[in-house]
Amino acid sequence: MINGSCLCGKVKFQISGEPFSLSYCHCSRCRKAAGVFSAVLIGKAGDLLITDGQDEIAKFTSETGSKFERCFCKNCGTSLGDMASGDVYVIAASALDDDPKIRPTVHIHTASKPDWYEIVDDLKKFDGDYVAEK
Ligand SMILES: [Zn+2]
Ligand SMILES: [Zn+2]
């Protein structure tokens with residue numbers, strides 16, 4: 001079980017099962033919400049359980065028709081990721097309290113990365129989405 005929570009502790013969640021991937025996402029949503037980029041943990045939607053504070057989770061949905069919802073704690077603003085994106089969850093790894101045991105393998109949406117941030121590791125880079133083999 002991988003436990004996660006927001007900064008104030010009102011929102012708590014648990015992930016069972018093996019996540020599919022851990023990636024560094026440079027999309028504009030992650031950049032604006034999380035800082036330069038966000039480490040995102042992706043796995044099977046049914047493996048994510050909100051154990052506390054469901055009512056504390058606010059959702060931002062872009063008007064441009066993006067299928068993603070950006071979830072965050074209403075009380076402390078902690079970025080939680082996209083907790084209900086169809087078949088998968090996309091959780092901000094920064095909200096995890098436990099080690100998910102897998103390590104980042106790729107940078108995604110690097111086309112949206114600001115020029116002032118230079119990626120200096122050797123992980124694979126994708127301009128857009130990358131869907132890990134399941
Ligand atoms: Zn909170
Ligand atoms: Zn992103």
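Two strands are taken to pair if DSSP finds at least two bridges between them. Strands (E, at least two residues) and helices (H or I, at least four) are DSSP runs, numbered from the N terminus. The model is predicted: local features need pLDDT of at least 70, side-chain atom pairs count only at pLDDT 80 or more, and totals for chains, interfaces and linings use all residues. Residues are numbered from 1 along each chain as its sequence is written, while chains are lettered from A and ligands numbered from 1 in the order in which they are written.

Under the pairing criterion, an open sheet is formed by three strands in the order E1-E2-E5, with antiparallel pairing. Its edge strands, each pairing on one side only, are E1 (2-5) and E5 (48-52). Four bridges connect E1 and E2 in the antiparallel sense, and Ile 2 is placed opposite Ile 15 of E2.

The chain as a whole contains 11 strands and one helix, arranged along the sequence as β-β-β-α-β-β-β-β-β-β-β-β. The radius of gyration, taken over C-alpha atoms, is 14 Å, which agrees with the value near 14 Å for a compact globule of 134 residues; the globule rule is 2.2 Å times the number of residues to the power 0.38. The C-alpha trace spans about 35 × 30 × 25 Å along its principal axes. Contacts are assigned to two residues if their C-beta atoms, placed from the backbone, lie within 7 Å. Of the contacts with a separation of 6 or more, 58% are between residues 24 or more positions apart.

A residue is classed as buried if 20 or more other C-beta atoms lie within 10 Å of its own, exposed if 12 or fewer, and partly exposed in between, with C-beta atoms placed from the backbone. By this criterion, 34% of the 134 residues are buried. Strand E4 (residues 38-44) is mostly covered, with five of its seven residues buried. E4 is joined by five bridges to the antiparallel strand E3 (residues 21-25), where Leu 22 has Leu 41 as its bridge partner. Five bridges also join E4 to E9 (residues 88-92), again antiparallel, and Ile 42 faces Val 90 in E9.

Leaving aside neighbours within four places in sequence, the contacts of Leu 80 include Cys 6, Val 11, Ile 57, Cys 71, Phe 72, Ile 91 and Ala 95.

Positive phi values in residues other than glycine include those of Lys 101, near 75°, and His 109, near 55°. Lys 101 is located in the loop between E9 and E10 (106-108), and counts as exposed because it has 9 C-beta neighbours inside 10 Å. His 109 lies in the loop between E10 and E11 (124-125), and counts as buried because it has 23 such neighbours inside 10 Å.
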